[in-house]
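Trainee: I have a model open and want to learn how to read it. Can we go through it feature by feature?

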Amino acid sequence: MPSIISVSNLSKIYGSGFKALNNINLDIERGEIFALLGPNGAGKTTLISIICGIANPSEGRVTVDGHDINRDYRAARSLIGLVPQELHTDAFESVWATVSFSRGLFGKPKNPDHIEKVLKDLSLWEKKDAKIVTLSGGMKRRVMIAKALSHEPQILFLDEPTAGVDVDLRKGMWEVVRTLRASGVTIILTTHYIDEAEEMADRVGVINKGEIILVEDKANLMQKLGQKQLKLHLQGRIDAIPTSLASYNLELSEGGCELTYNYDTKGERTGITSLLGDLRAAGIRFSDLDTVKSSLEDIFVSLVRTP
């Protein structure tokens, strides 16, 4: 699938000398949902700001559907809708006026039908005449999304879009995201709710200390870096793991009543059969067992953990 955003050799160095981004190379495919994950201060917002033409790079190039974000700013920016982390709206304007004004900023002709559809999709229609100042934090967040969609962009950036939004509204907003993707809109999101990225994203990128450390199809990432744990609940307490079981790197917990065995999901053999046989030979009996598979959050934490 062709790329709609291409980032080449991108770096950002601030006047203080701090290097926020270091030689970023990234391609976003047309029509995908791409999750950009990273700890606070990793460079996510800086990268988004440069792609959207809000900040200037120190080095490198960004193209949006073939348009250079610096040389052909208006054409590139018109393709992008941005929902920033911070809420920036005129507190005393109505929802309808705020969203309609955003459409006009991009030189688009009035289209009340489109504005109505956006507001209804985001469950804002009943609040269309309400002033922004009267809305809850979650509703203000949805107004920001409506503003970003007002000019019918091909690309939507969602920078922590569900921060401060309750669970039910989060689910509703992600239904809107799915609908947008189905209509051909490319979605790039950052989120602290990694379970959302695990559910929604086609591909995942991880940024840490200003560098992209991984870009991978989500399913492949889960398969390649995922692990499973086998937890064995013992019939009786043991004080230590017998030396005959040392090769399994077992972990003893729950006061000596539980053993945990980590194994690779992509390995040809898990080693479970031989482990169970060796446990029996060592005189260790268990009353129950269960398995736990790595989540995307587990993988993310392992990737960005400071050595």
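Trainee: Start with a cysteine. Is Cys 52 buried or partly exposed?
Mentor: One point before that: this is a predicted model. Buried means under 20% relative accessible area. Cys 52 has 0% relative accessibility, so Cys 52 is buried. Cys 257 has 32%, so Cys 257 counts as partly exposed.

Trainee: How many disulfides are found in the whole structure?
Mentor: The general idea is that a disulfide is a covalent bond between the sulfur atoms of two cysteines. In this structure the search finds zero disulfides.

Trainee: Now the overall picture. How many helices and strands are there?
Mentor: There are 10 helices and 14 strands. The protein has 307 residues, and 43% of them count as buried. Of the contacts between residues at least 6 apart in sequence, 68% join residues at least 24 apart.

Trainee: Which residues have the most contacts inside the largest nonpolar core?
Mentor: General idea: in soluble globular proteins, nonpolar side chains tend to be buried together. Here the largest nonpolar core has 39 residues, and Leu 156, Leu 158 and Ile 187 have the most contacts inside it. Helix H5, residues 137–149, gives the most to this core, with seven residues. Another core, of 28 residues, lies apart from it and includes Leu 26, Ile 28, Ile 80 and Ile 207.

Trainee: What is Leu 156 in contact with, leaving aside its neighbours within four places in sequence?
Mentor: Among its contacts are Gly 81, Val 83, Ala 148 and Leu 149. Leu 180, Val 185, Thr 186, Ile 187 and Ile 188 also touch Leu 156.

Trainee: On to strands. Which way do the side chains of E3 point?
Mentor: In a regular strand the side chains alternate between the two faces of the sheet. In E3, Ile 33, Ala 35 and Leu 37 point one way, while Phe 34 and Leu 36 point the other way. Five of the five residues of strand E3 (residues 33–37) are buried, so the strand is largely enclosed by the rest of the structure.

Trainee: What is the strand order in the open sheet of four strands?
Mentor: The order is E2-E1-E4-E5, with antiparallel pairing. Strand E2 (19–29) and strand E5 (67–68) stand at the edges, each with a single partner strand, so one side of each has no neighbour in the sheet. Seven bridges join E2 to strand E1, residues 3–13.

Trainee: How many residues of helix H1 are buried?
Mentor: An α-helix has 3.6 residues a turn, so residues three or four places apart point the same way. In helix H1 (residues 44–51), seven of the eight residues are buried, so the helix is largely enclosed by the rest of the structure. The buried set includes Lys 44 and Thr 46. Just after H1, Gly 53 takes a positive phi of about 80°.

Trainee: Where is Ile 51, and what does it contact?
Mentor: Ile 51 is in helix H1. Its relative accessible area is 4%, so Ile 51 is buried. Beyond its sequence neighbours within four places, Ile 51 contacts residues including Ile 5, Val 62, Ile 80 and Phe 157. Val 7 is 44 residues from Ile 51 in sequence, yet their C-alpha atoms are 8.0 Å apart.

Trainee: Last topic, aromatic rings. How many aromatic pairs are counted?
Mentor: The count is two. Planes over 60 degrees apart count as edge-to-face. The rings of Trp 96 and Trp 125 have centres 6.1 Å apart and planes at 70°, so this pair is edge-to-face. Trp 96 is in helix H3, and Trp 125 is in the loop between helix H4 and H5. The rings of Tyr 248 and Tyr 261 have centres 5.9 Å apart and planes at 80°, so that pair is edge-to-face. Tyr 248 is buried at 11% relative accessibility, and Tyr 261 is buried at 7%.

Notes:
Residues are numbered from 1 along each chain as its sequence is written. Side-chain values use heavy atoms; hydrogens and water are left out. A nonpolar core is a set of buried Ala, Val, Leu, Ile, Met, Phe, Trp, Tyr and Cys residues joined through side-chain atoms within 4.5 Å. Buried means under 20% relative accessible area, exposed over 50%, partly exposed in between (1.4 Å probe, protein chains only). Helices (H or I, at least four residues) and strands (E, at least two) are DSSP runs, numbered from the N terminus. Contact means heavy atoms within 4.5 Å. Two strands pair if DSSP finds at least two bridges between them. A disulfide is a pair of cysteine sulfur atoms within 2.5 Å. Rings of Phe, Tyr and Trp (its six-membered ring) pair if their centres lie within 6.5 Å; planes under 30 degrees apart count as stacked, over 60 as edge-to-face and the rest as tilted.
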